[in-house]
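Here is a brief report on how two protein chains meet. Please look over the sequence and the structure first.

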There are 2 protein chains.
Amino acid sequence: MLKNKVGREVPEVVEGIGELKPYNGPFSYEPETRKFGRQIAQTKPGDSKLLDSIEKAVIATGLKDGMTISFHHHLREGDYILNMVLDVIAKLGIKNLTLAPSSLSGVHAPVVEHIKNGVISKITTSGVRGALAEAISGGILDTPIIIRSHGGRARAIESGELKIDVAFLGAPSTDEYGNANGYSGKSFCGSLGYAKQDAEYADKVVLITDNLVPYPNVPASIEQTNVDYVVTVDAIGDPNGIVSGATRYTKNPRELLIAKNAASAIEASGYFKPGFSIQSGTGGASLAVARFLKKTMIEKDIKASFALGGITGQFVEMQQEGLISKICDVQGFDLTAAKSIGENPDHYEISASLYANSHNRGCVVNKLDIVILSALEVDTDFNVNVITGSDGVIRGASGGHCDTAAGAKLAMIVCPLIRGRIPTIVEKVTTVITPGETIDVVVTDRGIAVNPLRKDLIEKFTKAKLPLCTIEELKEKAESVVGKPKAIEFADKIVGLVEYRDGTIIDVIKQVK
Amino acid sequence: MLKNKVGREVPEVVEGIGELKPYNGPFSYEPETRKFGRQIAQTKPGDSKLLDSIEKAVIATGLKDGMTISFHHHLREGDYILNMVLDVIAKLGIKNLTLAPSSLSGVHAPVVEHIKNGVISKITTSGVRGALAEAISGGILDTPIIIRSHGGRARAIESGELKIDVAFLGAPSTDEYGNANGYSGKSFCGSLGYAKQDAEYADKVVLITDNLVPYPNVPASIEQTNVDYVVTVDAIGDPNGIVSGATRYTKNPRELLIAKNAASAIEASGYFKPGFSIQSGTGGASLAVARFLKKTMIEKDIKASFALGGITGQFVEMQQEGLISKICDVQGFDLTAAKSIGENPDHYEISASLYANSHNRGCVVNKLDIVILSALEVDTDFNVNVITGSDGVIRGASGGHCDTAAGAKLAMIVCPLIRGRIPTIVEKVTTVITPGETIDVVVTDRGIAVNPLRKDLIEKFTKAKLPLCTIEELKEKAESVVGKPKAIEFADKIVGLVEYRDGTIIDVIKQVK
């Protein structure tokens, strides 16, 4: 074990994974290799890619014991694909696979059974929730899972560290030759940004669709040159779970107070000026920040150059109203966003690599002025945890958290000082997803703390008379209300490795007792 | 030397190039390697890609003696980029480079000087014309040039056979981070389809622009993740040479007669039905064919699924009128096409690989029903020459000729029986670009010849009472008018290797005496 730059003990070698590099700062590791090259294949005129069952597709790909399979998570809690495919693979008796989706959620609880029956032996993902997360935290797997950020996964795929043998990708719309998009059909989800990566690098690519349309289905998010097989099924997902309706605005007074503080800080930061760019999440406070900013943008005639990220209807409306010039969308968060991307050329679909991969010639997060992020915990070194809950169990996702924090000029955490009886600001976060040196400001309902590295912001915020305090003061305020939280008890077994976006190990997740 | 499947003597090894494979049929060679992986690079937040001179860019890329540089030919006869860059490279004293543009034309005559002064020692291109072509045919280079089709070049880049060290790509519009398109700005050219390949695979990518626009310039034909440097110059090209105005319709009675024969053959072929797809060139006869077909499409309510290729305003208008559903555009041939691609989502920009690379999971030419192609010569084996003139000198381009012929269900040559005093139908073409087994029909002003392999078409055309004859009869008709052409005298030196789209050698070009 080595102590890395955020003070976490991380292993140098893990059985079943190999040698590891410790995290050593957000841009300290320079890539030196060449891009991974997937198998070249030839599809001749007249060849058909169309198959009428997942079973035929699995057989056609030549999937074998020990290989790596991938999926995208754009169908979110409505996803039917992953469970359907694993059931078929199990029936065919294929074992010992690495499951490498862009993320996992509650709907994927059946994976637990496929771990027990030996079909799945390793997992790499952005996040995991529900019964599967609990089983992993409980030590069900012999090899730790790898948690990667969205940018980190794109990097790992492009470098060949994550070599995908077969990608099974849900396609809300495709023609029989594999030109697919995500914004039309009954199972529409909007952007296919995460799936683009798998389609370009997997040795075999299978599209699974419930909406076969005439050739050529262009513009295409996934192009025919990347697709081996197209499978038709009755339904790829449950519309109710794919995009969960329109974005709702919070009326929670604490969230509104956090949002007001955050908006004031952004306005005082110097980054809120014509041509600024922004990314914001779907939490109540985050959405409210954007709403407050919108008001000021109209009053002061400030127009943004672009909004980035997982996109909500709020930014779509602002773009339509002329307040934002372009939208760069890796993932749609609601119905409005999912529809808009197919209709508006200024609403641009981006891949995970273009979004956030630090090892290409410049991802979009590099050009981000402001990002508003959430946190389960923030510690006095400004490290952020968004993956493990107060009981130590995995319950979240790395997502684009560390990617955007590293890229943005102003990386701002918005969070309540206390959740229930649990403090958010703590001495040491349970798990580090995003290193403190990339976090600039923490905004709570009880005050704003600025990273001491950002003396410029402290000066600006002081001048603007914002309710500033130190991060230690925030921690003490929290503890004065709910007391010092009892340390979580972990077993020795490492159940998860948290990769920083550059492929180094920033933390480990241990088995809960 | 080996005799290949079209009966041409081709070398097994060439000094300075290496081992070669002889052509052995259009789909006989199965790719077995992995895709080439270019150097991974990291651009950090705050890094600037902007440089104010080509010289600074050449130095920044680390270009060295013996490397390979590439360019795109979308600026056509208006291109300033290639000559500007070579002048800078010559001034910097860098020697012995391989010049690997997507094509070369008359405007690139100054390359002759750069061959003489040792800057350029090898060339690979789709075509070459004018003084440079004459110098090459005269034997100026020690190593033969390699002629590749558009699909073949994409294949060679993706397989690593053509490894580009530095790509210098003219960008009619880009932001400072490298998001570029070809359809806006004073030097607009439309599609950047050929440039996409270089941008994705070159180890270093330099965009050169005369039109820097605000970030983010999306939708982007070339994305920022692929670009190392952006250089601003006063002008990247001469608008008069880039897209040569609107497409004009022929009034030449012989061309109209060929077109009428061709349209009748297409209508009788069985492929002319709702949902058909088509590619057609810019020659007078080709354009006239499409005009005749349009009339029938309206009369019989036949709508096409897509038009492909280098695109003219004619197809743009038909798409706007609802006669064609989608346009897949690798290269704009006139002002109308160059503008439309930026305005119409159903006018879709495709890369050279998506267009015509036989070694991916299915290029668009595979889905083509009908292609109408020109020829300098066709021989009695239906082999086609579009590269060398009647004096044996290089004067054309391989282009997408052999790609579309291999992909399309109906590959049709339209050509006059005689040009000036030169027969078009001959016993043996001077140079084989497209093998006869992929050509279905040859339409002339004096009759239509069908490849004997296509008994089905002979039957249909006979039933339709088309003016059928054998290819030998066409040859004899030509010879009866102008006599048998005198054989061209060549020296022994091989000045060009003609690659078929799969990377095998289909023919050689010898030095003219």
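The report below covers the interface and then the symmetry.

## Basis

This is a predicted model, in which local features need pLDDT of at least 70, side-chain atom pairs count only at pLDDT 80 or more, and totals for chains, interfaces and linings use all residues. Residues are numbered from 1 along each chain as written, chains are lettered from A in the order written, and side-chain values use heavy atoms, without hydrogens or water.

## Interface

In chain B, 57 residues are in contact with 57 residues of chain A (heavy atoms within 4.5 Å). The two chains bury about 5,200 Å² between them, 51% of it on carbon and sulfur atoms. Buried area is the accessible area (1.4 Å probe) lost on putting the two parts together, summed over both. R34(B), I40(B) and R361(B) supply 19% of the area that chain B buries against chain A, more than any other three residues.

## Salt bridges

Eight salt bridges link chain B and chain A (a side-chain nitrogen of Lys or Arg within 4 Å of a carboxyl oxygen of Asp or Glu). One of them pairs E30(A) with K44(B), with the closest N and O atoms 3.0 Å apart.

## Symmetry

Chain B can be laid on chain A with an RMSD of 0.0 Å, by a turn of 180° and a shift of 0.0 Å along the axis. The superposition is by least squares on C-alpha atoms of residues with pLDDT of at least 70 in both copies. The two copies are thus related as by a two-fold rotation axis.

In chain B, the C-alpha of G37(B) is nearest the axis, 2.6 Å from it. The same surface serves both copies: 100% of the contact residues of chain B recur in chain A.
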